[in-house]
Amino acid sequence: MNAVVLLLVLTSFPLGILGLVEFRDRKHIGPMFSMIAAAWSIAGVILVSAGVSGLLFFPVLLVIMLAGDVLEYRSDKRKFTIVKGLLVSTVLAVVTAAMVIL
Amino acid sequence: MSAPRGLRRIGTVLLAYACVFVLYAAFFASPVSPAEPTDTFDFVIEDRRYSSLPYIHERVYTNGKAFLVIATVRTISAPNSAFSAAFERLDGYAESYAREQYGVEIDIVLEFRDESHEFAGHTGVKFVYSVNKNITMGLPPFTTTQTVKLAELGALAWFCNVDFESIVMFYVTPFYFIEDPSLELLSSDLNSMVEDVACH
């Protein structure tokens with residue numbers, strides 16, 4: 001694994017660790033989706049570098065993150081969760097559109 | 001006094017996303033390993049960093065009437081459809097460029113396009129355009145106008161999955177050899193260079 005692939009793998013760690021800490025503190029299923037998203041991202045980087053098409057990567061990540069934020073909002077009812085969910089979903093939707101629909 | 005739990009959580013989430021952002025920025029700013037042909041014949045090579053974010057390295061091979069440009073771009077994953085969308089506009093862009101820069105009226109016609117072109121062990125996109133010019137032959141009043149293929153303009157692109165880099169290549173090679181037969185050798189050299197380019 002070269003340094004650039006390692007760097008791309010590392011991008012999944014902050015949200016994965018955050019999900020792990022929040023899941024440990026709150027025992028709620030919402031943060032688990034951050035861990036799933038991190039695992040999916042790491043798997044995606046390894047699979048793409050091995051030659052698998054990256055087309056499915058961002059749409060699936062979008063679904064995982066959206067599901068996590070919906071469950072999170074149902075639990076905490078905070079505006080911040082909606083804003084965070086909307087921002088992340090918008091970024092992922094734009095990337096998905098650029099990657100898949102273009 | 002410690003911050004309320006809600007604020008601390010918001011701060012932690014923002015910090016985590018900031019870390020992700022910084023790591024992605026570091027990824028896109030990472031220098032690429034420029035793709036190159038093994039044999040460069042007598043071509044003059046110019047190297048330069050075209051952009052830092054994303055990191056794009058540009059290598060230009062020139063030799064009189066032929067040139068090859070290889071751009072190596074740091075990307076996550078680039079679909080072939082994105083390359084095709086860019087290459088589809090190449091004819092209009094090249095015609096305008098020739099008109100504005102050199103005052104030459106040329107007609108660029110698509111000859112070949114393949115969106116699943118097997119190249120250098122990858123599946124990429126290849127477009128080949130014919131650079132045509134109307135040439136008037138004979139003496140008045142017995143003149144005829146013929147469309148002559150002066151050169152070939154090619155564009156190739158593919159994603160190097162191992163290094164997370166995309167390679168975009170453009171070349172222009174002469175195709176009209178009647179007035180200068182040495183151009184045929186130049187064209188052959190350039191074509192073998194193009195065929196020889198691979199991910200680092």
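Entry 1. I'm working on a predicted model, where local features need pLDDT of at least 70, side-chain atom pairs count only at pLDDT 80 or more, and totals for chains, interfaces and linings use all residues. Residues are numbered from 1 along each chain as its sequence is written, chains are lettered from A and ligands numbered from 1 in the order in which they are written, and side-chain values use heavy atoms, with hydrogens and water left out.

Entry 2. I started with Phe159(B), which sits in strand S6 of chain B. Is Phe159(B) buried or exposed? Phe159(B) is buried, at a relative accessible area of 12%. I then listed its contacts (heavy atoms within 4.5 Å), skipping neighbours within four places in sequence. The list includes Val48(A) from chain A, and from chain B Ile76(B), Phe83(B), His122(B) and Phe164(B). I also checked Leu68(B): 91 residues separate it from Phe159(B) along the chain, and their C-alpha atoms are 19 Å apart.

Entry 3. Phe164(B), one of those contacts, got its own look. Phe164(B) is in the loop between S6 and S7 of chain B, and its relative accessibility of 1% makes it buried. Its phi is near 55°, which is positive in a residue other than glycine. I found another positive phi, about 50°, at Phe41(B), again not a glycine. Phe41(B) is in the loop between helix H1 (5-29) and S1, and is partly exposed at 33% relative accessible area.

Entry 4. Next I stepped back to the whole of chain B. I count four helices and seven strands, taking helices (H or I, at least four residues) and strands (E, at least two) as DSSP runs numbered from the N terminus. Their order along the sequence is α-β-β-β-α-α-β-β-β-β-α. The radius of gyration is 23 Å, well over the 16 Å that the globule rule gives for 200 residues, so chain B is more spread out than a compact globule. (That radius is taken over C-alpha atoms, and the rule is 2.2 Å times the number of residues to the power 0.38.) The C-alpha trace spans about 95 × 35 × 30 Å along its principal axes. Of the 200 residues in chain B, 44% are buried.

Entry 5. Which residues of helix H2 (80-87) in chain B are buried? I noted Asn80(B), Phe83(B), Ser84(B) and Phe87(B). They cover an arc of only 100° around the axis, which puts them on the same side of H2(B); the arc is that of the directions from the helix axis to the C-beta atoms. What covers them includes helix H3 (90-102) and strands S4 (107-119), S5 (122-137), S6 (144-160) and S7 (165-174).

Entry 6. I looked at strand S5 through Ile135(B), which belongs to it. Ile135(B) is partly exposed, with 23% relative accessible area. Beyond neighbours within four places in sequence, Ile135(B) is in contact with Thr144(B), Thr145(B), Gln146(B), Val148(B) and Leu150(B).

Entry 7. Last, the cis peptide bonds I looked up. One joins Leu53(B) and Pro54(B), with omega about 0°; Pro54(B) is in the loop between strand S1 (44-52) and strand S2 (55-63). Another joins Pro140(B) and Pro141(B), with omega about 5°, and Pro141(B) lies in the loop between S5 and S6.

Technical notes:
Buried < 20%, exposed > 50% of the residue type's maximum accessible area, 1.4 Å probe, protein only.
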